[in-house]
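Me: I have a structure open and would like to go through the terms used to describe it. Could you take my questions one at a time?

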Amino acid sequence: MKRIAKQEIFHSVLLVLALLILTLNLVHNVKSTVYYTNLSENYQTVIQPLIILKNDTNNVSNIYLSNTSAKISITATSNSATYNYSLKIVNNNASHWEVKLEYDDCIDIIHVNTTIVLHNNISSLWQIKIEGGIKRQNDTYYDLADNATIHIGVQNLVGISSGTTILHTYLRIKTPNKTTYALYEITFEFKYNT
Amino acid sequence: MKMNYKKSLKFITLLLASLLIATVSATVYYSLSMQTTITVGTTWVKFISAADTPSESTITDATCTLSLSTLANSSLVYEKAVGLSNTYTGIRYIRLQHVSVSPNGTAPVSNFTHVKFYLLDNSLTVQASLNYTTSGDNWSVTSTTDWKAIPASTTWYIKVETFSPAGATAGTQCTIEIAVDVQQ
């Protein structure tokens, strides 16, 4: 009996030693981190646009799905012509906004001369001018009052040489005193045949 | 009573095998002894409200929850969605990392085109970005940004740009969780 007990103790010691060796070996795998994490959770919700684009009385605009982008297509002539109601910008809520047209890109701006303005029938502010193949941008915001409508006007459009001028712009819509803004893509296409 | 030599032999084999594993591993790794004292640290770089932080947002030092919007067929940009203030007297290194996005792999995802997070310095120059874009019903995200040094006592910003496709369904929502890691 004594021998059996000794043998059991011997086996237990061997087992403990084996486990100890394996456990100590695992300690080598411990790593430490040296940074902490700040977490930011962001909910994005698709909303109805508070400001929408609409075709205006000159009937030269094509409004795309969702009413947040448009293309204005006008055929120029050799005589200067003005289209003061090319596109409507409609503010459907009781908030005040600031808007401006920003140049993005262009193709062949040599074919026409024109001035693009924002106006509300009382006041107007020029936004982009094309003259002699050179474009200029005002970069000044125009007010869009609560529940108001303003218009994009194409003034003094005159053909210079045959071809199509494409002007890609963004209508930047900004909350006053903030830097939150939306960008609506508006493309101008001016064709001229001598 | 005879001694059980067979059983003993098995245990000795087990011991030898253990020694062998430990010895082989020891040729690959070595250990440094370390004593650690744990102290509750200060959150030196913390979230703060900024010019474009929506009013419904919740901000504490180490967490923030922003309620943002996205418009169909147009970009909506929150230039200063939230501030990151380094209150430490020296440089701290920070980076942006993806944590989770939901839903993912289901139909509502197609109501979003992209959500981009930009890390802007105090002169509003982009230092790093984390971009979430969709393809069908799935989101993909760019890899964790490099560490960027934010100077002492300086506020940087996270800019968020959202874009939804034309015809996106109003009211659809997604949740994106990102981490701003700060090196101690």
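Me: Which residue is the bridge partner of B:Tyr132 in β8(B)?

Reply: Happy to start there: B:Tyr132 has B:Val141 as its bridge partner in β8(B). Please keep in mind that this is a predicted model.

Me: What makes β7(B) and β8(B) a pair?

Reply: Two strands pair if DSSP finds at least two bridges between them. Strand β7 (residues 126–135) and strand β8 (residues 138–141) of chain B have four bridges, in the antiparallel sense, so they meet that requirement. Another of the bridges sets B:Thr133 against B:Ser140 in β8(B).

Me: And what lies between these two strands?

Reply: A turn: β7(B) and β8(B) form a hairpin with two residues between them. In that turn B:Gly136 has a positive phi of about 65°.

Me: Turning to chain A, why is A:Glu41 called partly exposed?

Reply: A residue is buried with 20 or more other C-beta atoms within 10 Å, and exposed with 12 or fewer. A:Glu41 has 17 other C-beta atoms within 10 Å, so it is partly exposed. This residue lies in strand β1 of chain A.

Me: What does A:Glu41 touch?

Reply: Leaving aside residues up to four places away in sequence, A:Glu41 touches B:Thr65, B:Thr175 and B:Glu177. B:Glu177 is also the bridge partner of A:Glu41 in β11(B).

Me: Which parts of chain A make up the side that touches chain B?

Reply: In total, 42 residues of chain A are in contact with 67 residues of chain B. α1 (2–26), β1 (35–47) and β13 (180–192) of chain A each supply at least two residues of the side that touches chain B. The largest share, 13 residues, comes from β1(A). By class, that side of chain A has 23 nonpolar, 16 polar and three charged residues.

Me: What makes the six-stranded sheet of chain A an open one, and which strands are at its edges?

Reply: The sheet runs in the order β2-β5-β11-β7-β8-β9 in chain A, with antiparallel pairing. Its edge strands are β2 (51–55) and β9 (134–137), and each of them pairs on one side only. Neighbouring strands are turned by 20° against each other on average, direction ignored. At the β9(A) end, four bridges join strand β8 (residues 124–131) of chain A to β9(A), and A:Glu131 stands opposite A:Ile134.

Me: Why is chain A called more spread out than a compact globule?

Reply: The globule rule gives 16 Å for 194 residues, while the radius of gyration of chain A is 34 Å, well over that value, so the chain is more spread out than a compact globule. Along its principal axes the C-alpha trace spans about 120 × 40 × 30 Å. Chain A has one helix and 13 strands, and 31% of its 194 residues are buried.

Me: What are the confidence values for the two chains and the complex, and where in chain A is the pLDDT below 50?

Reply: Chain A averages a pLDDT of 90, with 91% of the residues at 70 or above. Over residues 28–33 of chain A, however, the pLDDT is below 50, and this stretch has three contacts beyond near neighbours in sequence. Where pLDDT is low, the predicted coordinates should not be read in detail. Chain B averages a pLDDT of 88, and 85% of the residues score at least 70. For the complex, the predictor gives an ipTM of 0.75 and a pTM of 0.77.

Methods. Residues are numbered from 1 along each chain as its sequence is written. Chains are lettered from A and ligands numbered from 1 in the order in which they are written. This is a predicted model: local features need pLDDT of at least 70, side-chain atom pairs count only at pLDDT 80 or more; totals for chains, interfaces and linings use all residues. Two residues are in contact if their C-beta atoms, placed from the backbone, lie within 7 Å. Ala, Val, Leu, Ile, Met, Phe, Trp, Tyr, Cys and Pro count as nonpolar, Asp, Glu, Lys and Arg as charged, and the others, Gly among them, as polar. pLDDT is the predictor's confidence in each residue, from 0 to 100. Axes are lines fitted to C-alpha atoms, for helices over the stretch in contact, and angles run from 0 to 180 degrees between N-to-C directions. The radius of gyration is taken over C-alpha atoms; the globule rule is 2.2 Å times the number of residues to the power 0.38.
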